[in-house]
Amino acid sequence: MQRYTILWADDEIDLLKPHILFLEQRGYDITPVNNGTEAVELSEAKHFDVVFLDENMPGISGLEALSQIKASKPNLPVVMITKNEEERIMEDAIGGKIDDYLIKPINPSQILLSIKKILDNKRLVIEKTNSTYQQEFRKISMAFEDNMNHEQWAELYKKLVYWELELQQDGADNKDMADILDSQKVEANANFCKFIKRNYESWLNNPSADRPMLSHQLMKKKVFSELTPEVPTFLILIDNLRFDQWKVIEPIIAEFFNVTKEETYYSILPTTTAYARNAIFSGMLPAEMVKTHPDLWVGEDEDESKNNFEDEFLARQLKKNNINVKFSYNKIKKLEEGRDLLDSVNNLFNNNLNVIVYNFVDMLSHARTDMAMIRELAPDEAAYRSITKSWFTHSPLFDILKKISEKKVKMIITTDHGTIRVKRAFKIVGDKAVNTNLRYKQGKNLNYEGDKVMEGLKPEKLFLPKSNMTSTYVFAIEDQFFAYPNNYNYYVNFYKDTFQHGGVSLEEMIIPVISLSSKNG
């Protein structure tokens, strides 16, 4: 077992001999000194795992010693010990980045607890995390054997995300357990895709089916019901935001907003911006949009951007539901657009409904495919989450949210679909008219072998438009991506381990919809 070294500075150090003996018997090496000056000098000259500082010593005080030690070794843990319970002393110590604060008289158990909290914390957390996840692992694995419904699948996915984030905190020290979780996620996705194959068509066609909230129902069920004349409602749609990405930015947002409800809903297929987001703002499935709004729908065979008319789709959905409110719609695709919106946020409070679509996460996922640098920065799920968090904390969007939080508002944060890191290629052949998305294909001459896909041989049953009479859809499942036989190896190497969307997976389909209220308003 590792022996830790402790520097203990107290002008009455001789009186603490029983405490020192107690710790030495438990495997700690203690270096005692009776003044702050010596504590500073020794901390600079030697390695210590933790420093105990008495606050009230002759010469330089404990607070002064704390400041000098932290200036030299900012990561060295320091525990302040004091008789003084003045709030000012506590605040100065906390401001000086102490790691613990003990009030005299102290007993050996207090000291031992403080040491374990600082030095053994990571080991104890890893051991407890492993033990708890091992129990949970069995429950999750057994759940696959049950005939779960959409709510149970959503809860299971949230559990997997929870454990992924817990094990990520332990980093390389818990890699074995993280690898076990990865294999369990693979198994979960395989079973989830079977579930979607069995149930998705029924969700769209059978009104009495047990079905989740889907993209085209989001506005009516989650947004329109919140509209009131007194309090403005903000819908923030961060595209391509997975549930795990929401969880890493949640603590930052929670400083300014109360999270009143954390829910998920299911993205429609294909899980792409063109289909899922248009469904959100139109309140319709794609085939219904084509029929009802032919002037707004842009088909697969057209070069024009497929999401240029979201504001008009929203206006028509509001009108259809007899909702006569003043609303704004802002789509942010560039940094400058975000800054411009930040400058004009105060104008939004005059509206009943404000929709802000933020495209950064989608651009990041595609940039990761296209740019070598981004691929280096985000080689795995944990790094992808880290980049999302870093972007958010430095983005105009965060500044916009902080400004909004100053007033009394209702807010919904959501997304249109998620994304999955693809690892396995699936060979498919199609003509030149077939779309380029790696997770779904739509066309009239699609050829492939095997059943490791989800087929939409009758697009009308999935409420999907057909560019011609013989068009069909094929969706990649689990962590697969479609690849053409031509230049197969190059294609596979280029796209393997990139983040894609359009197909069937937990990450793409089960996505967050979060209700919040401002703390400060």
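Tyr266 is buried in this predicted model. Its relative accessible area is 2%, and buried means under 20%. Trp203 counts as buried too, because its relative accessibility is 2%.

Trp203 and Tyr266 also form an aromatic pair. Their ring centres lie 5.3 Å apart, and their planes stand at 85 degrees. That makes the pair edge-to-face. The two residues come from distant parts of the chain, 63 residues apart. Trp203 belongs to helix α8 (residues 175-205), while Tyr266 sits in strand β7.

Trp203 has another ring partner, Phe195. Here the centres are 5.7 Å apart and the planes meet at 65 degrees, so this pair is edge-to-face. Phe195 is buried. These rings are part of one aromatic cluster, whose members include Phe144, Trp153, Phe192 and Tyr200. The whole structure holds 32 aromatic pairs.

Now follow strand β7 into its sheet. Six strands build this open sheet, in the order β7-β18-β10-β6-β9-β8. The pairing is mixed. Strands β7 (257-266) and β8 (327-332) are the edges, and each pairs on one side only. From one strand to the next, the twist averages 15 degrees.

Look inside the sheet next. Strands β6 (residues 233-238) and β9 (residues 353-358) run parallel, joined by six bridges. Ile236 has Ile356 in β9 as its bridge partner.

Two helices come next. Helix α13 (residues 310-320) packs on the sheet and touches β8 and β9. Its direction makes about 155 degrees with that of β8. Helix α14 (residues 335-343) lies across β8 and β9, at about 150 degrees to β8.

Finally, find Lys407. This residue lies over the face of Phe349, at 4.4 Å from the ring centre.

Terms used:
Residues are numbered from 1 along each chain as its sequence is written. This is a predicted model: local features need pLDDT of at least 70, side-chain atom pairs count only at pLDDT 80 or more; totals for chains, interfaces and linings use all residues. Side-chain values use heavy atoms; hydrogens and water are left out. Two strands pair if DSSP finds at least two bridges between them. Helices (H or I, at least four residues) and strands (E, at least two) are DSSP runs, numbered from the N terminus. Axes are lines fitted to C-alpha atoms, for helices over the stretch in contact, and angles run from 0 to 180 degrees between N-to-C directions. Contact means heavy atoms within 4.5 Å. Rings of Phe, Tyr and Trp (its six-membered ring) pair if their centres lie within 6.5 Å; planes under 30 degrees apart count as stacked, over 60 as edge-to-face and the rest as tilted. Buried means under 20% relative accessible area, exposed over 50%, partly exposed in between (1.4 Å probe, protein chains only). A charge sits over a ring if NZ of Lys or CZ of Arg is within 6 Å of the ring centre and within 35 degrees of the ring normal.
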